[in-house]
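Please walk me through this protein model.

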Amino acid sequence: MTRIDFTLNGRATATEAEPATLLVDLLRGPLALTGTHVGCDTAQCGACTVLLDGQAVKSCSVLALQAQGRSVTTVEGLAGLTGQAGQADGTLHPLQQAFIDCHGLQCGFCTPGMLMSAACLLQHNARPSEHDIVQALEGNLCRCTGYVNIVAAVKQAADTIARETA
Ligand code: FES
Ligand code: FES
C-alpha cells in the first residue's frame, strides 16, 4: 500500500491505496463516498465523473495514486465548491436545485456525473450556450434519456449563479 495525501471535498485527507487501485474504487470503498457511481468501468458513461484540480475526469480511468497532492471534488462536496452558492449547511448547489426544478433526473444514476461535468463547465464558462452545455455533457450518458431537461437545468443553474454573483 502507498500513502496518498490529497484534498478531498475541501479537507486534507490521508489514506492508502494499492498501485492499481482506481480513484473511483478508493472513493466508494475506503472513503465511503458512494455518490460517485460506476456505470461501465470502461470510461464510456461518465457516471463516475469527479473534479480533479477543477477538471472533470472519469474516476474509473484515474489511478488513486494520481490524486497525490491534488484536489478532488465529488458530488458530496459540490455544494461547498468555492465561489458558488451552497455550503456545508445543507444548502444545495444551484446545479442540484436546478436539476430538481427542471426534472433533470429520473432514476438518478447518471446524475452525480452529470452534475460534476456541468460544474466543471460553469467554473470555466459562466454563460454557456446550449451548444456549450451539450458539448460539455457529451461524455455523460443518461440511460433514461432525459437530456432535454438536463440541458435546461444547467442553463437555469448558470442563470442563478449569474444573479447571485451580480
Ligand atoms: S464508470 Fe467511469 S465512465 Fe462509466
Ligand atoms: S436519470 Fe436515469 S440514467 Fe440518467
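Which residues does phenylalanine 99 touch, leaving aside those up to four places away in sequence? This is a predicted model. In it, phenylalanine 99 contacts Gly104, Leu105, Thr111, Met114, Leu115, Ile150, Ala153 and Val154.

The largest nonpolar core counts 27 residues. Leu95, Phe99, Met114, Leu122, Leu137 and Val154 have the most contacts inside this core. Three elements each supply two or more of its residues: helix 2 (94-101), helix 3 (111-124) and helix 5 (147-165). Helix 3 contributes the most, with eight residues. As background, nonpolar side chains in soluble globular proteins tend to be buried together.

Now go to the start of the chain. Strand 1 (residues 2-8) and strand 2 (residues 11-17) run antiparallel. Seven bridges join them. Threonine 7 faces alanine 12 of strand 2. The hairpin these strands form has two residues between the strands. In that hairpin, asparagine 9 adopts a positive phi near 50 degrees.

Next, the cysteines. Is cysteine 45 buried or exposed? Cysteine 45 is buried, because its relative accessible area is 11%, and the cut-off for buried is under 20%. Cysteine 48 is buried too, at 3% relative accessibility. A disulfide is a covalent bond between the sulfur atoms of two cysteines. How many disulfides does the model hold? With a cut-off of 2.5 Å between cysteine sulfur atoms, the count is zero.

Definitions and conventions: Residues numbered from 1 in each chain as written. Chains lettered and ligands numbered in written order. Predicted model: local features only at pLDDT ≥ 70, side-chain atom pairs only at ≥ 80, totals over all residues. Heavy atoms only, no water. Pairing = 2+ DSSP bridges. Helix = DSSP H or I, 4+ residues; strand = E, 2+ residues; numbered from the N terminus. Buried < 20%, exposed > 50% of the residue type's maximum accessible area, 1.4 Å probe, protein only. Core = buried A, V, L, I, M, F, W, Y, C linked by side-chain atoms within 4.5 Å. Contact = heavy atoms within 4.5 Å.
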